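Please consult the sequence and the structure shown here while reading.

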Amino acid sequence: KNLTSIELSRNLEGIGYYAFTSPVPRTIYYTSDNIEALSKYCDVDENGEEYLKNLTFELVMIESIAISKEADKLIYSDGENFDPTGMVVEGIYNNGRKVEITDYQILDGNDLSSDKEYVTISYTIDGETLTVMQEIQMTAELLAIYIVKEPKTKYVEGENFDPIGMEVVATYSDGSIRKISD
């Protein structure tokens, strides 16, 4: 009698990720380094004896993470916190398999400042920390408006204001100064 992959799944629960590529030979992909624990459930012959005939073990592990879908909100003002709503982070195994990761950490997403260009997404597995950057865009807040070149300042009673020649600039929280034309 051979164990089916469903029976094997029950026996190996909690040991790691595994899959069969074909009935014979079978390949067991595992994330645990405890081959003995895996092998004792692999196959049983007609007499009920365990054996490892035609089995290959291949260690699979998450080697990187990626953002497969960006967060819904990517534009922030000073002081806001990064909102990961809608963001999907995937772990990429060394055999190409991908799995969604939900227990990631956002390292620098609180109290965003105007010079911020990205937040760091981090995931730790088996003592190794993997990171990926989520780009964001900061909007600068208007701090002040200045008239740098005055227009005509003397008027006759009833004459309308004439802005010709006037230059106005605005200063923003990111330190930028922009000429205002309207």
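Leaving aside neighbours within four places in sequence, which residues is Ile 121 in contact with?

## Basis of the report

The model is predicted: local features need pLDDT of at least 70, side-chain atom pairs count only at pLDDT 80 or more, and totals for chains, interfaces and linings use all residues. Residues are numbered from 1 along each chain as its sequence is written, and side-chain values use heavy atoms, with hydrogens and water left out.

Contact is defined as heavy atoms within 4.5 Å. Apart from neighbours within four places in sequence, Ile 121 is in contact with Ile 65, Ile 67, Phe 82, Met 87, Val 89, Tyr 104, Gln 105, Ile 106, Leu 130, Thr 131, Val 132 and Gln 134.

The largest nonpolar core has 19 residues, of which Phe 82 and Ile 121 touch the most other members. Two or more residues come to this core from each of β5 (62-69), β7 (88-93), β10 and β11. The greatest contribution is that of β10, with three residues. A nonpolar core is here a set of buried Ala, Val, Leu, Ile, Met, Phe, Trp, Tyr and Cys residues joined through side-chain atoms within 4.5 Å. Buried means under 20% relative accessible area, exposed means over 50%, and partly exposed lies in between (1.4 Å probe, protein chains only). In soluble globular proteins, nonpolar side chains tend to be buried together.

## The sheet β9-β10-β11

An open sheet is formed by three strands in the order β9-β10-β11, with antiparallel pairing. Strands (E, at least two residues) and helices (H or I, at least four) are DSSP runs, numbered from the N terminus. Two strands pair if DSSP finds at least two bridges between them. At the edges of this sheet are β9 (105-106) and β11 (128-135), each of which pairs on one side only.

Eight bridges in the antiparallel sense link β10 (residues 118-125) with β11. One of the bridge pairs joins Ile 125 to Glu 128 in β11.

## The sheet β13-β14-β15

A further open sheet has three strands in the order β13-β14-β15, again with antiparallel pairing. Because β13 (142-149) and β15 (177-180) stand at the edges with a single partner strand each, one side of each is left without a neighbour in the sheet. From one strand to the next, the twist averages 30°; axes are lines fitted to C-alpha atoms, for helices over the stretch in contact, and angles run from 0 to 180 degrees between N-to-C directions.

Antiparallel strands β13 and β14 are joined by six bridges, and Leu 142 stands opposite Tyr 172 in β14. Strand β14 (residues 167-172) pairs with β15 over four bridges. Val 169 has Lys 179 in β15 as its bridge partner, while Ala 170 stands opposite Arg 178. The two strands β14 and β15 form a hairpin with four residues between them, and Gly 175 in the turn has a positive phi of about 90°. Five of the six residues of β14 are buried, so this strand is mostly covered.

## Salt bridges

A salt bridge is a side-chain nitrogen of Lys or Arg within 4 Å of a carboxyl oxygen of Asp or Glu. By this rule, the count is four. One of them pairs Asp 72 with Lys 69, with the closest N and O atoms 3.3 Å apart. Asp 72 counts as exposed because its relative accessibility is 54%, whereas Lys 69, at 40%, is partly exposed.

Lys 116 and Asp 108 also meet through their side chains, at 3.0 Å from N to O. Lys 116 is partly exposed at 21%, and Asp 108 is partly exposed at 24%. In the salt bridge between Glu 159 and Lys 152, the N to O distance is 2.5 Å. Glu 159 has a relative accessibility of 36% and so counts as partly exposed; Lys 152 is partly exposed at 37%.

Residues up to four places away in sequence aside, Lys 98 touches Glu 90, Gly 91 and Ile 92. Lys 98 and Ile 62 are 36 residues apart in sequence, with a C-alpha to C-alpha distance of 8.5 Å.
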